[in-house]
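Dear colleague,

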Amino acid sequence: MTNSRTLYVDLTACTMTTGGVPYGLIANAAIVVEDGRIGWVGPEADLPGTYAHAARHSLGGRLVTPGLIDCHTHIVHGGDRAGEFEMRLNGASYEEIARAGGGIVSTVEATRAADLETMVALALPRVDALLAEGVCTLEIKSGYGLDTETELRMLRAAREIGRVRPMRICTTFLGAHAVPHEYEGRADAYIDEVCIPTLRRAHAEGLVDAVDAFCEGIAFSPEQVSRVFDVAEDLGLPVKIHAEQLSNLGGAIMAAGHGAMSADHVEYLDDAGVAALAEAGTVAVILPGAFYTIRETQAPPIERLREAGVPMALASDNNPGSSPLTSLLLTMNMACTLFRMTPEEALSGATRNAAIALGLGDCGILAAGKRADLAVWDARTPAELSYRIGFNPLHTRIFGGTS
């Protein structure tokens with residue numbers, strides 16, 4: 001069998017590997033792609049002779065990073081919530097809107113009414129916007145069905161997107177997202193009668209890669225979420241959590257105790273929560289789009305997370321209510337301007353640490369043996385990716401070795 005080899009030269013490799021060099025940067029670099037994987041990366045002057053006859057492509061001095069990873073989205077849904085956006089601008093808080101019957105539950109009716117084809121068709125323009133910015137891996141959650149058939153249909157739609165677009169889709173079951181109107185005041189019954197049985201069905205059908213929950217006063221308590229996580233663990237599924245977005249219920253500490261891959265939002269995370277994430281190796285996923293959209297004033301504890309060595313990922317949190325954001329590049333800029341993350345932390349958050357947040361060990365950095373998911377940018381330095389606002393410098397996106 002003949003190997004398929006491509007040699008990319010005349011580039012700056014932003015490997016995002018650790019080792020003391022900012023961004024893992026290699027000037028005058030070369031990258032060998034072999035059967036969809038990176039065969040070698042390093043200074044072109046050190047290229048092994050075995051690759052001398054590979055098909056050679058000059059990238060004209062451009063910057064190459066790992067393909068971007070959006071590790072937290074709700075991109076499959078029906079309808080929109082532009083009306084709630086207007087309500088917020090007229091003074092209503094996110095929590096007030098939710099308690100008045102808006103928020104997550106208001107998207108449920110439109111999503112329940114959408115068939116599989118409609119769900120996919122509605123999602124694809126949002127997916128394509130991310131793909132056009134170099135995103136190669138995309139996490140998609142359920143959570144707008146809140147009944148068995150719609151939750152399963154959302155997960156099937158997510159799988160279908162991975163078949164019709166050249167990108168890797170990671171599915172997350174988020175049945176514990178909100179209490180539907182038919183279970184109002186009976187959250188425990190919803191967990192027992194709908195959420196957990198649906199999780200078991202989704203797992204049996206091979207539709208779910210991980211399990212998430214919204215732990216908040218307007219959603220579910222740590223005790224209720226823990227029951228869902230117990231089932232996930234019995235099924236061999238990793239867990240993650242929406243925690244400490246609007247208040248501090250201790251959800252992140254509970255999730256860390258379950259070995260959660262990530263705790264997401266974490267604006268109200270306290271020192272005990274930071275310590276718990278650090279001890280468990282749980283990634284803090286920072287979501288500036290939601291912070292911006294709901295006009296939050298409590299920023300996540302970036303400095304404390306940094307000091308504790310907690311990996312920080314970034315994601316768009318694309319959803320119809322609190323983060324109708326379809327740009328991971330803008331997300332990176334927001335993280336820097338709103339939260340004082342550095343451009344290197346921002347890019348790491350959309351590559352290496354985002355991969356860790358999804359439990360993926362084969363992407364997120366440029367290194368031999370990793371997937372050849374690459375983003376080629378019309379940029380001189382990595383900081384440009386976080387610096388510009390509303391500008392997409394992507395030149396070429398390479399997914400699994402194919403552009």
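Tyr183, Tyr190 and Phe220 form one aromatic cluster. Please keep in mind that this is a predicted model, in which local features need pLDDT of at least 70 and side-chain atom pairs count only at pLDDT 80 or more, while totals for chains, interfaces and linings use all residues. Residues are numbered from 1 along each chain as its sequence is written, and side-chain values use heavy atoms, with hydrogens and water left out.

A search of the whole structure finds three aromatic pairs, where rings of Phe, Tyr and Trp (for Trp, its six-membered ring) pair if their centres lie within 6.5 Å, and planes under 30 degrees apart count as stacked, over 60 as edge-to-face and the rest as tilted. The rings of Tyr183 and Tyr190 have centres 5.8 Å apart and planes at 65°, so this pair is edge-to-face. Helices (H or I, at least four residues) and strands (E, at least two) are DSSP runs, numbered from the N terminus.

Tyr183 counts as buried at 12% relative accessibility, and Tyr190 is buried with a relative accessible area of 1%; buried means under 20% relative accessible area, exposed over 50%, and partly exposed in between, with a 1.4 Å probe and protein chains only.

Helix H6 (residues 187-204) packs with helix H7 (residues 222-234) at an angle of about 20°, their axes being 11 Å apart. Axes are lines fitted to C-alpha atoms, for helices over the stretch in contact, and angles run from 0 to 180 degrees between N-to-C directions. H6 and H7 are therefore roughly parallel to each other, given that angles under 35 degrees count as roughly parallel, over 145 as roughly antiparallel, 65 to 115 as roughly perpendicular and the rest as oblique. Among the residues that meet here are Ile191 and Leu199 in H6 and Val228 and Val231 in H7, where contact means heavy atoms within 4.5 Å.

The axes of helix H4 (residues 116-131) and helix H5 (residues 148-164), by comparison, come within 9 Å and cross at roughly 50°, and H4 and H5 are therefore oblique to each other.
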